[in-house]
Amino acid sequence: MNAAVQDYNNLQSDSDKEICDQLATIIDENLPDAESKIWHAHPVWFLNGNPIVGYSKLKNDVRLLFWSGQSFEEEKLTNEGSFKAADFRYTSAGQIIKEDLERWLKKGRAIQWDYKNIVKRKGVLERLK
């Protein structure tokens, strides 16, 4: 696990740290070629400079966010924001269903919107894959 991501996880309460550690491990296993780093104060994984997935501690839960998640056609993911992102929120590590997360990560690799160049395109997203 990236040291900065581990540092982020270590700052969480015991129950939230367990969620974060499990998410990071599964993400690292399924996106081994992704670059992980702390971006806007939260762990995020990138493929070719494009954000794919990340998580953040919110007041009552840990939010797992897929930047292109609205295009995954997954019932369990909730639309987030005005672009193409979707999320799932965890309140305990027991809610993590590895098969779901692995499927979402596979879709995250296969279905991408170009967030890397969104500023250059003045807020217009284009589909990469």
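Trp104 has 1% relative accessibility, so it counts as buried (buried means under 20% relative accessible area, exposed over 50%, partly exposed in between, with a 1.4 Å probe and protein chains only). Keep in mind that this is a predicted model, where local features need pLDDT of at least 70, side-chain atom pairs count only at pLDDT 80 or more, and totals for chains, interfaces and linings use all residues. Residues are numbered from 1 along each chain as its sequence is written, and side-chain values use heavy atoms, with hydrogens and water left out.

What does Trp104 pair with? Its partner is Phe66, in an edge-to-face aromatic pair with 6.0 Å centre to centre and 80 degrees between the planes. Rings of Phe, Tyr and Trp (its six-membered ring) pair if their centres lie within 6.5 Å; planes under 30 degrees apart count as stacked, over 60 as edge-to-face and the rest as tilted. Phe66 sits in strand S4 and Trp104 in helix H3 (residues 98-110), so the pair ties together parts 38 residues apart in sequence. Helices (H or I, at least four residues) and strands (E, at least two) are DSSP runs, numbered from the N terminus. Phe66 is buried too, at 0% relative accessibility. Both rings belong to one aromatic cluster, together with Phe72, Phe88 and Tyr90.

The structure holds eight aromatic pairs. Another one is Trp39 with Trp67: the ring centres are 5.9 Å apart and the planes at 45 degrees, so this pair is tilted. It links distant parts of the chain, with Trp39 in strand S1 and Trp67 in the loop between S4 (62-66) and S5, 28 residues apart. Trp39 is partly exposed at 30% relative accessibility, whereas Trp67 is buried at 13%.

Now for the sheet. It is open, with six strands in the order S1-S2-S3-S4-S6-S5 and antiparallel pairing (two strands pair if DSSP finds at least two bridges between them). S1 (35-39) and S5 (78-79) stand at the edges with a single partner strand each, so one side of each has no neighbour in the sheet. S5 pairs with S6 (residues 86-90) over two bridges, in the antiparallel sense, and there Asn79 stands opposite Ala86.

Helix H1 (residues 3-10) packs on the sheet and touches S1, S2 (42-47) and S3 (50-57); contact means heavy atoms within 4.5 Å. The direction of H1 makes about 25 degrees with that of S3, using lines fitted to C-alpha atoms, for helices over the stretch in contact, with angles from 0 to 180 degrees between N-to-C directions.
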